[in-house]
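Please look at the sequence and the structure before reading on.

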Amino acid sequence: MEKDLDMKLYNEYLSGEKSAFELLYNKYKDRIQYFIFNIVKDYEKAEDITQEVFIYILQNKAREDYSFKYYLYLVAKSRAYNYINTEKRRTEINDKYSLLETEQIQKDITDIVIKNETEKEITEAINMLDDKYRNAIYLIKIEELSYKETAEILRTKYWKYKSACS
C-alpha cells in the first residue's frame, strides 16, 4: 500500500503536481540522510548528499520496475559511495603532492647545505693564499663578479687577475 502511494505521489509530481514531491521529500529526507550518514560518517556531507539525491530524483525519472523507495535508496547509496571514492582519490592526490613537496623541500635544503659547505671550504682555501690573490678569487668565485668588475674594485689591471683566477 505504501509502495503504491509513493509511486502515485511520484507520478503526480511528474505530471506537474509540485506538492506531491514535497510530501515524498518530507517523508524520506531524514531516513535518507541517516542512511547516507552511516556510509560517509560526516553529518554535514550527509545533508549535502541528501539534497543531491532528491535533486537527482527530480531530474531523472525512476524506472517503472522499481518502487520509489527502492530507487531513492539506490540513488542515495550510489551518491554516498561516489563521495567516498572522490574523497579517497582527492586524499591520495594530496598525499602524493605533499610527499613530492616534502621531497623537494628536503632536496632544496640539501642543496643549500652543500652550497654553504662548498663556500666554506673555498673560503678556507682562499684564506691560505697570498693577500694579493685572496680578494680577487673571493670576489670572482664566491661573489660571482666578472674579472673586469673585480679588477675595477681592486684597482688593478684586468689581465693580471684573469690569469691568476683561471
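In this predicted model, helix H2 (residues 18-40) and helix H3 (residues 43-59) have axes that come within 8 Å and cross at roughly 135°. Angles of 65 to 115 degrees count as roughly perpendicular and those over 145 as roughly antiparallel, so H2 is oblique to H3. The crossing of the two helices, H2 and H3, is right-handed.

Residues from both helices make the contact. On the H2 side they include Phe21, Leu24, Ile32 and Phe37, and on the H3 side they include Ala46, Ile49, Val53 and Leu58. Sorted by class, the contact of H2 with H3 has 15 nonpolar, three polar and two charged residues.

The chain has seven helices and zero strands, and its pattern along the sequence is α-α-α-α-α-α-α. Some values for the chain are listed below.

| Property of the chain | Value |
|---|---|
| Buried residues, out of 166 residues | 24% |
| Contacts between residues 24 or more positions apart, out of contacts with a separation of 6 or more | 46% |
| Accessible surface | about 12100 Å² |
| Part of the accessible surface that belongs to carbon and sulfur atoms | 52% |

One residue can be looked at by itself. Lys141 is in helix H5 (residues 131-142). Is Lys141 buried or partly exposed? Lys141 counts as partly exposed because its relative accessibility is 46%. Thr123 lies 18 residues from Lys141 along the chain, and the C-alpha atoms of these two residues are 9.5 Å apart.

Note on methods:
Residues numbered from 1 in each chain as written. Predicted model: local features only at pLDDT ≥ 70, side-chain atom pairs only at ≥ 80, totals over all residues. Heavy atoms only, no water. Helix = DSSP H or I, 4+ residues; strand = E, 2+ residues; numbered from the N terminus. Buried < 20%, exposed > 50% of the residue type's maximum accessible area, 1.4 Å probe, protein only. Contact = heavy atoms within 4.5 Å. Areas by Shrake-Rupley, 256 points an atom, 1.4 Å probe, with all protein chains shown as cover. Axes fitted to C-alpha atoms, helices over the stretch in contact; angles between N-to-C directions. Parallel < 35°, antiparallel > 145°, perpendicular 65-115°, else oblique. Left-handed = near helix turned anticlockwise from the far one by under 90°. Nonpolar A, V, L, I, M, F, W, Y, C, P; charged D, E, K, R; others polar.
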